Amino acid sequence: KPFNKAPEALTYDTTACIYTQGLAITPNKPHVTKTVTSYSVDPALPAGLSIDSARGVISGTPTTSQTATTYTITASNEYGSTTFDILITVNLAAPADLKYGGSPFVFTERTAITPVNPTISGTATTWSVDPALPAGLYLDAASGVISGTPTAYAAAKDYTITASNSVGSTLAKINITVNLAAPVNLLYS
């Protein structure tokens, strides 16, 4: 073919992209000379991001964090193709909006509680509570679930639960009361 009409000089608005998990990105648009009939990317973009195969725009909301990774974008037409590498990093988002539905909680001594599950935006890697929960109750340091069987009476008290990751933290205040159990097994010999 006497005239090379393959796409050339492909670039993108942003070439070293730093995104945050859970936040929609500003669409990243390509710039290229000659007509392009399709765009592709290798390897597949991070979960939640996509490339428009007709326009080459990268958009979406990343759902997982990842270290800096190189992606090769290919712009093609019937005469050939050109490629361009972009670097994408997805940072972990700080957890937010921690909630424990049902507070104030009223439990009974010696009766196993139904596990109390948190709701949270983002990813928490560690969980803590201050002050310590009533005797027999536990906060799972990996999931934030409160479970157990209270072993003693505890007056109504506020507890602060903190969910954290390497970027930040969020907290929720809950109130727990442990009532005495009714006496049982009374015997006279």
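## Overall fold

Of the contacts in the protein chain with a separation of 6 or more, 62% join residues 24 or more positions apart; contact means heavy atoms within 4.5 Å. This is a predicted model: local features need pLDDT of at least 70, side-chain atom pairs count only at pLDDT 80 or more, and totals for chains, interfaces and linings use all residues. Residues are numbered from 1 along each chain as its sequence is written, and side-chain values use heavy atoms, with hydrogens and water left out.

The protein chain has 0 helices and 16 strands. Its radius of gyration is 27 Å, well over the 16 Å that the globule rule gives for 189 residues, so the chain is more spread out than a compact globule. That radius is taken over C-alpha atoms, and the globule rule is 2.2 Å times the number of residues to the power 0.38. Along the principal axes, the C-alpha atoms fill a box of roughly 110 × 30 × 20 Å. Buried residues make up 36% of the 189 residues. Buried means under 20% relative accessible area, exposed over 50%, and partly exposed in between (1.4 Å probe, protein chains only). Helices (H or I, at least four residues) and strands (E, at least two) are DSSP runs, numbered from the N terminus.

## A four-stranded open sheet

An open sheet of 4 strands runs in the order β10-β16-β15-β12, with mixed pairing. The edges are β10 (105–108) and β12 (126–130); each has a single partner strand, so one side of each is left without a neighbour in the sheet. Neighbouring strands are turned by 30° against each other on average, direction ignored. Axes here are lines fitted to C-alpha atoms, for helices over the stretch in contact, and angles run from 0 to 180 degrees between N-to-C directions.

Strands β10 and β16 (residues 169–179) pair in the parallel sense over 4 bridges. Two strands pair if DSSP finds at least two bridges between them. Thr108 stands opposite Asn179 in β16.

## The aromatic pair

The structure holds 1 aromatic pair. The ring centres of Phe105 and Phe107 are 5.8 Å apart and their planes lie at 15°, so the pair is stacked. Rings of Phe, Tyr and Trp (its six-membered ring) pair if their centres lie within 6.5 Å; planes under 30 degrees apart count as stacked, over 60 as edge-to-face and the rest as tilted. Phe105 and Phe107 are both buried.

## Asn77 and its contacts

Asn77 lies in strand β7 (residues 66–77). At 13% relative accessibility, Asn77 counts as buried. Its side chain reaches the backbone oxygen of Thr35 at 2.8 Å. Neighbours within four places in sequence aside, Asn77 is in contact with Lys5, Ala6, Pro7, Thr35 and Thr37.

## Backbone features in loops

The peptide bond from Asp42 to Pro43 is cis, with omega near -5°. Pro43 sits in the loop between β4 (38–42) and β5 (49–51). Another cis peptide bond joins Asp130 and Pro131, with omega about -5°. Pro131 lies in the loop between β12 and β13 (137–139).

Lys34 is not a glycine, yet has a positive phi of about 75°. Lys34 belongs to the loop between β3 (30–33) and β4. Lys34 is partly exposed, with a relative accessible area of 43%. Arg110, also not a glycine, has a positive phi of about 65°. Arg110 is placed in the loop between β10 and β11 (119–121).

Key: Polar contact = N/O pair within 3.5 Å; in protein donor to acceptor, adjacent residues only side chain to side chain.
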